[in-house]
Amino acid sequence: MLYNREAAVSYARKWALSRNPEFYDFQEIGGDCTNFASQCLYAGSGVMNFTPETGWYYISLNSRAPAWTGAEYFARFLTNNQGAGPYGRVLPLYAALPGDFIQLSFDGEVFGHTLVVLETGFSPAPDNILIAAHTYDSIDRPLNTYYYNVSRLIHIDGVREQE
């Protein structure tokens with residue numbers, strides 16, 4: 001099944017500077033960036049993975065997978081998912097497409113911030129990749145305006161339907 005990049009980007013644009021009341025706002029308890037990224041990913045995929053512990057789903061604040069709100073878990077789910085839901089891989093930044101995700105590591109070891117790619121230039125690079133994000137709410141912010149040590153692009157390859 002195809003990942004609907006336009007739907008993911010449209011959702012990101014709608015909610016980048018506010019909060020969808022259907023989801024808990026994690027702003028005050030660690031940050032809302034990966035929660036927001038997951039919402040955008042769900043808007044483009046329409047399929048959650050309800051596998052306990054290693055899945056990717058949100059039912060409520062107290063019923064959700066670690067991958068829904070944790071940057072490292074989000075990346076691990078997407079790059080290892082063999083079941084239902086979205087899946088992807090880490091690619092070089094120049095492969096970025098709207099609806100993909102970029103994660104930032106500020107210390108060079110742990111990735112702790114997840115961004116949604118809104119637009120890219122003809123040849124994607126930090127100065128022409130525009131992102132949306134929560135925690136430090138942003139829309140159409142160039143990637144090169146962030147101060148970070150390492151970045152990784154998580155490219156979404158597709159979506160598998162529920163079995």
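Which residue forms a salt bridge with Asp25, and how far apart are the closest N and O atoms? The partner is Arg19, with the closest N and O atoms 3.2 Å apart. A salt bridge here is a side-chain nitrogen of Lys or Arg within 4 Å of a carboxyl oxygen of Asp or Glu. Before going further, please keep in mind that this is a predicted model, in which local features need pLDDT of at least 70, side-chain atom pairs count only at pLDDT 80 or more, and totals for chains, interfaces and linings use all residues. Residues are numbered from 1 along each chain as its sequence is written, and side-chain values use heavy atoms, with hydrogens and water left out.

Let us stay with Arg19. This residue also forms a salt bridge with Asp137, where the closest N and O atoms are 2.9 Å apart. The names follow DSSP runs, helices being H or I with at least four residues and strands being E with at least two, numbered from the N terminus. Through shared partners, salt bridges join Arg19, Asp25, Asp32 and Asp137 into one network.

The whole structure contains eight salt bridges. Another of them pairs Arg13 with Glu119, with the closest N and O atoms 2.9 Å apart. Arg13 belongs to helix α1 (residues 5–15) and Glu119 to strand β5 (residues 111–119), so the pair ties together parts that are 106 residues apart in sequence. Arg13 is partly exposed, with a relative accessible area of 30%, and Glu119 is also partly exposed, at 37%. As a general point, side chains of opposite charge can pair when their charged atoms come close.

Now follow the chain to the hairpin that β6 and β7 form, with four residues between them. The two strands run antiparallel and are joined by four bridges; strands count as paired if DSSP finds at least two bridges between them. One of the bridge pairs is Leu130 with Pro142 in β7. In the turn, Thr135 has a positive phi of about 85 degrees.

Thr135 also takes us to the largest pocket, as one of the residues nearest its centre, together with Gly30, Gly31, Cys33 and Gly112. A pocket is found on a 1 Å grid over the protein atoms alone, as an open set of points with protein on both sides within 12 Å along at least five of seven lines; its lining residues have an atom within 4 Å of a point. This one has a volume of about 230 Å³ and is lined by 15 residues. Helix α2 and strand β5 are the elements that give two or more residues to the lining. By class, the lining has six nonpolar, seven polar and two charged residues.

The structure holds zero disulfides, a disulfide being a pair of cysteine sulfur atoms within 2.5 Å. The sulfur of Cys40 is 11 Å from the closest cysteine sulfur, in Cys33, too far for a bond.

The second largest pocket holds about 190 Å³ of space. Its lining includes Asn49, Thr51, Glu53, Tyr73, Arg76 and Phe77. Helix α4 (residues 71–80) gives the largest share of that lining, four residues. The lining divides into three nonpolar, seven polar and two charged residues.

Helix α4 is also where you will find Ala71. Ala71 counts as buried, at 9% relative accessibility. The C-alpha atoms of Ala71 and His113 are separated by 6.4 Å, although these residues are 42 residues apart along the chain.

Definitions and conventions:
Buried means under 20% relative accessible area, exposed over 50%, partly exposed in between (1.4 Å probe, protein chains only). On a 1 Å grid over the protein atoms alone, a cavity is a set of points where a 1.4 Å probe fits but cannot get out, and a pocket is an open set with protein on both sides within 12 Å along at least five of seven lines; lining residues have an atom within 4 Å of a point. Grid points are joined across faces, edges and corners, and a volume is the space filled by probe spheres set on the points. Ala, Val, Leu, Ile, Met, Phe, Trp, Tyr, Cys and Pro count as nonpolar, Asp, Glu, Lys and Arg as charged, and the others, Gly among them, as polar.
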